[in-house]
Every structure is written in C-alpha cells, then in structure tokens.
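Here are a few friendly notes to read alongside the structure. Take the points one at a time, and keep the 3D view open while you do.

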Amino acid sequence: MVKKAEPMANQSKENAKSLNRTKSRASIQQMFDEVAPTYDFLNHLLSLGIDNYWRANATGRAKKLLQNTPLPRILDVATGTGDLAASMAKIAGAKVTALDLSPEMLVLARKKYPDITFLEGYAEKLPFNDASFDIVSAGFGVRNFEDLEKGMQEFHRVLKPGGHTLIIEPMIPRNDVMKKLYLIYFKKVLPKIAGLFSKSTFAYDYLPHSVEKFPQAEAFTAILKKAGFSKADYFPMTFETSILYVAQK
Ligand SMILES: C[S@@+](CC[C@H](N)C(=O)[O-])C[C@H]1O[C@@H](n2cnc3c(N)ncnc32)[C@H](O)[C@@H]1O
C-alpha cells in the first residue's frame with residue numbers, strides 16, 4: 001500500500017537516465033520550460049543561496065581577464081532566467097548578450113533584466129559571427145547540451161582571439177566522505193524537496209544523474225582543448241561541490 005507511488009518514481013528515474021543518454025534538444029527544452037516558474041526559487045533553496053556566490057566568482061575572474069578591454073562584449077549561453085548574464089553585466093562597460101533554448105526561461109529572464117538582450121537559440125549553432133565576443137560564459141548549462149563538443153567548438157568560434165570561456169558546473173566532490181554525503185543529498189534529499197514545489201519532479205531525477213555522468217575536471221578540460229582552446233584550467237569551489245572552468249582561445 002505504502003509502495004503505490006514507487007513504480008512512477010522508478011519510471012521517472014528511468015526516463016531521466018534515458019534523457020541523459022540522448023540529451024534530445026526538444027526534451028531538454030520541454031523539461032526547462034516546465035521547471036521555469038520555480039527554477040530560481042528552487043535553485044537558491046537547494047544550493048542554500050550559494051549559487052549566487054558561484055556566479056559572482058566567475059564574474060570576478062572575468063573582470064580580471066578583461067582588465068585591458070575597455071568595452072567588453074560578453075555572451076552568456078544557456079542563460080536560463082539570466083542571473084549569470086546579469087552578474088556579468090556589472091563589469092564596467094560590458095555589453096552582454098544572452099541566449100537559451102527555453103522560451104519559458106527567457107520570458108522570466110526578460111522580465112528580471114530588461115536591459116539585457118536575450119535571444120532564443122541553441123549552443124550548437126550560435127547565431128553570431130566568428131570572433132564576436134571577449135568572454136563566453138555558461139552557468140550550469142553545458143551538461144545539458146545535445147552535442148557537447150559542437151557546443152564547445154561554437155564557444156571557441158565566436159570568441160575573439162585571446163578571449164576566454166568561463167563555465168560553471170556542479171561537481172561531485174573527490175573526497176570520499178564528502179562524495180558520500182553529497183550523493184545522499186543530491187539523489188535522495190534534493191529530488192524530494194524539489195518535488196514539493198516543482199511541476200517537474202523528473203527534472204530533479206535528471207539533475208543528479210546528469211551531473212554524475214558528466215566529464216569532470218581534467219576530463220572536461222580535455223574536451224575544451226579538443227574544441228580548440230589553447231589553455232584550459234579548472235577551479236573547484238565550496239568543498240568541490242561546484243567547479244569553474246576557464247579556457248582561452
Ligand atoms: C540549469 S539551467 C541554468 C540557467 C542559468 N545559466 C543559471 O546560472 O542558473 C540550464 C539552462 O540551459 C539551457 N540549455 C540546455 N541546453 C541548451 C542548448 N543546447 N542551447 C542553449 N541553451 C540550452 C536550458 O534551457 C536551461 O535554461
């Protein structure tokens with residue numbers, strides 16, 4: 001009797017695994033359209049507000065890299081509701097453009113940040129000329145790309161020579177004890193809390209699965225180098241629960 005909901009929960013986990021295998025763009029879009037109304041609230045709740053610190057950290061590094069660039073052009077890909085784009089827009093003189101494939105996320109982004117240009121599109125075919133930007137950023141987005149290598153090649157293509165990409169992703173801590181605690185939170189606690197607020201419990205089964213399967217640290221910097229970046233480095237944050245990649249064209 002108590003177990004009635006289990007087949008549905010198991011089905012959701014299976015569907016999450018299947019989406020992580022295909023990363024079908026249409027299904028990814030549908031998932032993010034569904035989570036859009038509760039995305040910001042859950043993001044801040046589930047990360048205990050630390051997500052804003054991670055974005056600010058990326059912006060701080062971008063600011064340093066742009067010290068000698070008077071009017072930097074910045075592109076934020078997979079912008080969602082626009083928080084990383086808005087953080088980057090605080091850099092003096094910066095002109096920020098932001099792009100996402102989810103129309104529902106973009107409705108919210110435009111409401112929150114009317115001064116930023118938000119475009120609908122996808123990372124694997126960016127609607128910009130070669131060498132258009134000084135920085136290309138992406139916060140918690142690249143893990144969902146249907147074609148990750150193509151996406152990274154596009155980031156590289158639209159960057160000016162010497163330009164940088166800054167990419168934030170969740171990280172699975174490498175320390176054994178931290179990893180155990182993190183995975184319990186991520187797989188057992190987080191989907192239950194999210195289920196109380198979000199229409200899409202599925203998205204929160206997909207989240208831990210997609211993070212666990214995503215290439216991390218050296219594995220991802222190798223992908224960046226393969227895409228053409230001359231240098232790629234990574235900086236774990238907050239006890240290795242999040243990671244910032246910085247790569248130069
Ligand atoms: C977890 S949200 C991150 C949003 C935001 N960057 C942040 O810092 O909170 C991931 C976003 O990536 C977008 N996305 C996923 N695949 C994409 C793709 N191939 N091209 C563009 N956007 C994509 C989704 O629509 C979603 O809004």
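This is a predicted model: local features need pLDDT of at least 70, side-chain atom pairs count only at pLDDT 80 or more; totals for chains, interfaces and linings use all residues.

1. Let's begin with the surroundings of the ligand. Which helix gives the largest share of the shell around the ligand? That is helix 2, with three residues. The shell has 22 residues in total, and the closest are F32, A78, G80, S102 and G139. Two elements, helix 2 (25–46) and helix 4 (83–88), each give two or more residues to this shell.

2. Seven strands make an open sheet with mixed pairing, in the order 3-2-1-4-5-7-6. Strand 3 (117–120) and strand 6 (231–237) are at the edges; each has a single partner strand, so one side of each lacks a neighbour in the sheet. On average, and ignoring direction, neighbouring strands of this sheet are turned by 20 degrees against each other.

3. Strand 4 (residues 133–139) and strand 5 (residues 159–170) run parallel and are joined by six bridges. Within this pair, V136 stands opposite T165 of strand 5. Strand 5 is also joined to strand 7, this time antiparallel, by seven bridges. There, I167 has Y245 in strand 7 as its bridge partner.

4. Is strand 7 (residues 242–248) largely enclosed or largely open? Six of its seven residues are buried, so strand 7 is largely enclosed by the rest of the structure. Seven bridges also link strand 7 to strand 6, and these two run antiparallel. One example is A232, whose bridge partner in strand 7 is A247. Strands 6 and 7 form a hairpin with four residues between them, and in the turn T238 has a positive phi of about 45 degrees.

5. That phi value leads to a general point. Most residues other than glycine have a negative phi. A131, in the loop between strand 3 and strand 4, has a positive phi near 55 degrees. A131 has 14 other C-beta atoms within 10 Å, so it is partly exposed. A217, in the loop between helix 8 and helix 9 (218–226), also has a positive phi, near 55 degrees. With 16 C-beta neighbours inside 10 Å, A217 counts as partly exposed.

6. Next, go to the strand 2 side of the sheet. Helix 5 (residues 103–112) lies across strand 2 (95–100) and strand 3, and runs at about 170 degrees to strand 3. K95 belongs to strand 2, and its 15 C-beta neighbours inside 10 Å make it partly exposed. Beyond its neighbours within four places in sequence, K95 is in contact with L71 and R73. K95 and V136 are 41 residues apart in sequence, and their C-alpha atoms are 12 Å apart in space.

7. Helix 8 (residues 201–213) has 13 residues, which at 1.5 Å a residue should span 18 Å; its end C-alpha atoms are 19 Å apart, so the two agree. Several residues of helix 8 are buried, among them F202, Y204, Y206 and L207.

How values were computed
Residues are numbered from 1 along each chain as its sequence is written. Two strands pair if DSSP finds at least two bridges between them. Axes are lines fitted to C-alpha atoms, for helices over the stretch in contact, and angles run from 0 to 180 degrees between N-to-C directions. Two residues are in contact if their C-beta atoms, placed from the backbone, lie within 7 Å. A residue is buried if 20 or more other C-beta atoms lie within 10 Å of its own, exposed if 12 or fewer, and partly exposed in between; C-beta atoms are placed from the backbone. A residue is near a molecule or strand if its C-beta atom, placed from the backbone, lies within 6 Å of it. The expected span of a helix is 1.5 Å times one less than its number of residues.
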